[in-house]
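Me: I would like to learn how to read the helices of a model like this one, feature by feature. Could you take me through it?

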Amino acid sequence: MTHPAAIAALVVLVVNDHLLKAAYPGWITGKLSDFAGMVLAPLVLVAIVDAIAPVRAWMGWASAVAVGCAFALCKTWAPATEAYEAGLALARTPFQWAMSALLERPPSAERVVLVRDPSDLIALPMGAVAARVASGRGRRSAHVHDRQLAARAAGLEHVANSRPE
């Protein structure tokens, strides 16, 4: 979750949902959250799985497909939209209670609303970004590079420490 793509997606999602959508409502701010969410949600799913069991490289792709399918259902099928709204409302209730206790005010009863818009499916390819990050493509090549540098350094050390015969 410390990959630049994950951090960028989180920043875009937070800034867009809490600032930009209110200041500039419209098509672009709606799609920004979808694009960022399709990067971030599969990575969160992989992080949750990783906390339970070791993650395999294919799990990044599996999480992107699972999140993409859920996203597509929620954006195109009313029962899935309603289930998502109810589930998210339930999941955030403890956090709302905690915040209301900290701020010493009654908990808000804001309803969770997901706009069902099939044009949001344009964000589905962003799952591939999450899958590549989660599968460790960039990390593997960095590890290979690190090993090559270490081997070269070891070779130079050997040459520097060897005595001519």
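**Reading the helices**

Reply: Helix α1 has a kink of about 50°, centred on Asn 16, where the bend at a residue is the angle between axes fitted to the seven residues ending there and the seven starting there. This is a predicted model, in which local features need pLDDT of at least 70 and side-chain atom pairs count only at pLDDT 80 or more, while totals for chains, interfaces and linings use all residues. Residues are numbered from 1 along each chain as its sequence is written, and side-chain values use heavy atoms, with hydrogens and water left out.

Me: How many helices and strands does the protein chain have?

Reply: Helices (H or I, at least four residues) and strands (E, at least two) are DSSP runs, numbered from the N terminus. Here the protein chain has six helices and zero strands.

Me: Which residues of α1 are buried, and what covers them?

Reply: Buried means under 20% relative accessible area, exposed over 50%, and partly exposed in between, with a 1.4 Å probe and protein chains only. In α1 the buried residues are Ala 6, Ala 9 and Asn 16, and their cover includes α2 (27–52), where contact means heavy atoms within 4.5 Å.

Me: How should I read the packing of α2 and α5?

Reply: Two packed helices are described by the angle between their axes and the distance between the axes. The axes are lines fitted to C-alpha atoms, for helices over the stretch in contact, and angles run from 0 to 180 degrees between N-to-C directions. For α2 and helix α5 (residues 126–135), the axes come within 7 Å and cross at roughly 35°. On the α2 side the contact is made by Phe 35, Met 38, Val 39, Pro 42, Leu 43 and Val 46, and on the α5 side by Met 126, Gly 127, Val 129, Ala 130, Val 133 and Ala 134.

Me: What does Asp 120 touch, and where does it lie?

Reply: Asp 120 lies in the loop between α4 (78–103) and α5, and is buried, with a relative accessible area of 5%. Not counting residues up to four places away in sequence, Asp 120 touches Lys 31, Asp 34, Phe 71, Lys 75 and Val 115.
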